[in-house]
Amino acid sequence: MTYKKGFATLAVHAGETPDKITGASSPNLVMSSTYVTDPDVSFSAEDFGENTPYIYTRWGNPTITQLEQKLAELEGAEAAIAFASGMAASTGLLLQFLKPGDHLVMSDVSYAGVAEFAKDYLPARGIEVSRVDLSQPENLRQALRPTTRLVYAETPANPILKLTDIAAVAAIAHAAGARLIVDSTFATPVATRPLELGADFVVHSLTKYIGGHGDAIGGAVLGKVADLAVLRKEVGIHLGGIISPFNAWLIMRGLATLPLRMRAHEENALSVARWLEDHPRVARVIYPGLASHPQAELARRQMKNFSGMISFQVKGAGEILARTFAERLEVIHYAVSLGHHRSLIFYLATQDMLRTSFTLTSAQEATYREFAGDGIFRFSVGLEDAADLIRDLEVALA
Ligand SMILES: *Cc1c(COP(=O)(O)O)cnc(C)c1O
């Protein structure tokens with residue numbers, strides 16, 4: 001009889017079995033780039049299929065396969081492909097399923113690298129892009145065109161933690177024949193499983209919570225077998241941005257403890273967010289787990305865990321305080337990236353984001369400023385003792 005194993009059990013065991021030859025309980029790291037092959041096996045991506053043996057690591061590798069299986073089980077996806085980075089995953093997916101003349105709708109606020117790609121690279125190749133505030137699903141309906149192929153949402157969105165109602169947006173996209181991609185990097189499958197809510201693809205930067213330890217860059221796309229077979233052939237094998245087996249192994253090791261880590265990230269983030277809300281120098285704290293989040297109801301409905309990302313505005317010049325933070329913080333590192341066991345903080349000035357990354361209408365800019373003011377500190381709350389994080393901030397804010 002089959003029964004459905006729990007999430008924590010899958011995080012530990014999915015994709016892995018003891019090694020058949022040695023009995024090794026932990027997964028082997030297979031670094032080999034090539035495999036001794038039967039002369040009858042075809043060396044063409046055209047013949048690549050489910051049952052093709054390992055031939056060459058750009059096509060497939062046992063360690064990378066283990067990571068992909070674990071990711072797929074945790075997201076409830078038919079299949080997963082790991083890439084060299086989150087950017088490789090997102091850009092590969094967009095390039096594969098958009099052609100000149102197609103229209104893409106993307107959240108007006110999203111990870112800066114993807115935003116910049118949608119601003120410059122795609123339009124230069126004949127793909128039309130509309131940046132839309134998807135926190136109001138009705139905005140999507142207005143933006144759809146007969147040529148809309150894909151809708152790209154990020155929830156919670158970097159860096160202001162604005163949320164998108166995945167089920168609502170998926171229904172509107174599907175009614176118009178478009179497919180929905182969700183960047184779920186901030187949420188992780190512990191919080192939200194976008195495919196179950198109607199998304200067609202999920203993308204992750206594995207560099208963040210999934211790897212969790214700040215020592216390996218990777219990305220993934222998850223979705224249906226048929227879509228991912230095309231993506232494997234064209235984007236994996238032909239464009240070639242595959243993940244290193246070593247990074248896959250490190251990320252798989254990190255992923256095994258994801259449920260535990262996310263619980264601890266959330267607990268610490270709540271403590272720090274509540275403390276920040278009461279601090280006289282803090283103007284506004286944004287955290288999906290606080291009742292003050294403008295979409296707190298959606299957060300409770302869509303997120304089983306509020307993750308560890310906090311954004312906050314301070315009174316006075318954020319740029320000056322950023323320098324003080326960089327000099328005074330002892331435990332918290334002043335650094336970009338997020339989702340690591342180590343706490344990381346970084347200041348994002350609104351004028352810089354508007355100049356380099358986002359092209360917002362004046363109404364969208366007004367909404368962005370409601371969350372971010374002139375700038376926000378993006379704080380990835382790590383797994384240290386909350387008391388030490390608070391003490392660190394107390395000294396830096398004094
Ligand atoms: C970091 C990040 C990415 C890009 O991932 P890399 O692994 O750095 O290429 C994409 N989306 C979000 C939300 C991110 O935080």
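1. Let's start with a term: on a 1 Å grid over the protein atoms alone, a cavity is a set of points where a 1.4 Å probe fits but cannot get out. A pocket is an open set with protein on both sides within 12 Å along at least five of seven lines, and for either kind the lining residues have an atom within 4 Å of a point. Grid points are joined across faces, edges and corners, and a volume is the space filled by probe spheres set on the points. By this rule there are three cavities of 30 Å³ or more.

2. A word on where the values come from. This is a predicted model, in which local features need pLDDT of at least 70 and side-chain atom pairs count only at pLDDT 80 or more, while totals for chains, interfaces and linings use all residues. Residues are numbered from 1 along each chain as its sequence is written, and side-chain values use heavy atoms, with hydrogens and water left out.

3. Now the largest cavity. It holds about 90 Å³ of space. Its lining has 14 residues, and Arg 58, Glu 68, Ala 82, Arg 232 and Ile 242 lie nearest the centre. Helix H2 (62-75), strand E1 (79-83) and helix H8 (225-239) each put at least two residues into this lining, with E1 giving the most, three residues. (Helices, H or I with at least four residues, and strands, E with at least two, are DSSP runs numbered from the N terminus.) By class, the lining of the largest cavity has seven nonpolar, four polar and three charged residues. For the classes, Ala, Val, Leu, Ile, Met, Phe, Trp, Tyr, Cys and Pro count as nonpolar, Asp, Glu, Lys and Arg as charged, and the others, Gly among them, as polar.

4. On to the second largest cavity, with about 50 Å³ of space. Among the residues that line it are Ser 107, Asp 108, Val 109, Glu 154, Ala 157 and Lys 162. Sorted by class, this lining comes to four nonpolar, three polar and three charged residues.

5. Which elements give two or more residues to the lining of the largest pocket? First its volume, which is about 660 Å³. Of its 26 lining residues, Phe 48, Gly 49, Glu 50, Glu 68 and Arg 232 are the closest to the centre. The elements are H2, E1 and H8, and H8 gives the most, with six residues. The classes here are 15 nonpolar, six polar and five charged. If you go back to the largest cavity, you'll meet Glu 68 and Arg 232 again among the residues nearest its centre.

6. The second largest pocket has about 440 Å³ of space. It is lined by 28 residues, and Tyr 111, Asn 158, Lys 208, Leu 338 and Arg 378 are the closest to its centre. Helix H3 (86-97), helix H4 (112-124), strand E6 (201-205) and strand E11 (344-349) each supply at least two lining residues. That lining divides into 13 nonpolar, eleven polar and four charged residues.

7. Where does the ligand sit? It is in the second largest pocket, where "sits in" asks that more than half of its atoms lie within 2 Å of the grid points. There are 14 residues around the ligand, with Met 87, Asp 183, Ser 205, Thr 207 and Lys 208 coming nearest; to be counted, a residue needs a heavy atom within 4 Å. This shell has four nonpolar, seven polar and three charged residues.

8. Some atom pairs at the ligand are worth a look. A ligand nitrogen is 2.7 Å from an N or O atom in the side chain of Asp 183. A ligand oxygen is 2.7 Å from a side-chain N or O atom of Thr 207, and Lys 208 likewise has a side-chain N or O atom 2.7 Å from an oxygen of the ligand. Taken alone, the ligand exposes 380 Å², and the protein buries 93% of that (areas by the Shrake-Rupley method with a 1.4 Å probe).

9. Last, some backbone details to check. Most residues other than glycine have a negative phi, and most peptide bonds are trans. Thr 155 and Pro 156 are joined by a cis peptide bond with omega about -10°, and Pro 156 is in the loop between strand E4 (148-154) and helix H6 (166-175). The bond from Asn 158 to Pro 159 is cis too, with omega near 0°, and Pro 159 also lies in the loop between E4 and H6. Thr 188, in helix H7 (residues 188-191), has a positive phi of about 65° although it is not a glycine.

Note on methods. A polar contact is a pair of N or O atoms within 3.5 Å; within protein, one must be able to donate a hydrogen and the other to accept it, and residues adjacent in sequence count only if both atoms are side-chain atoms.
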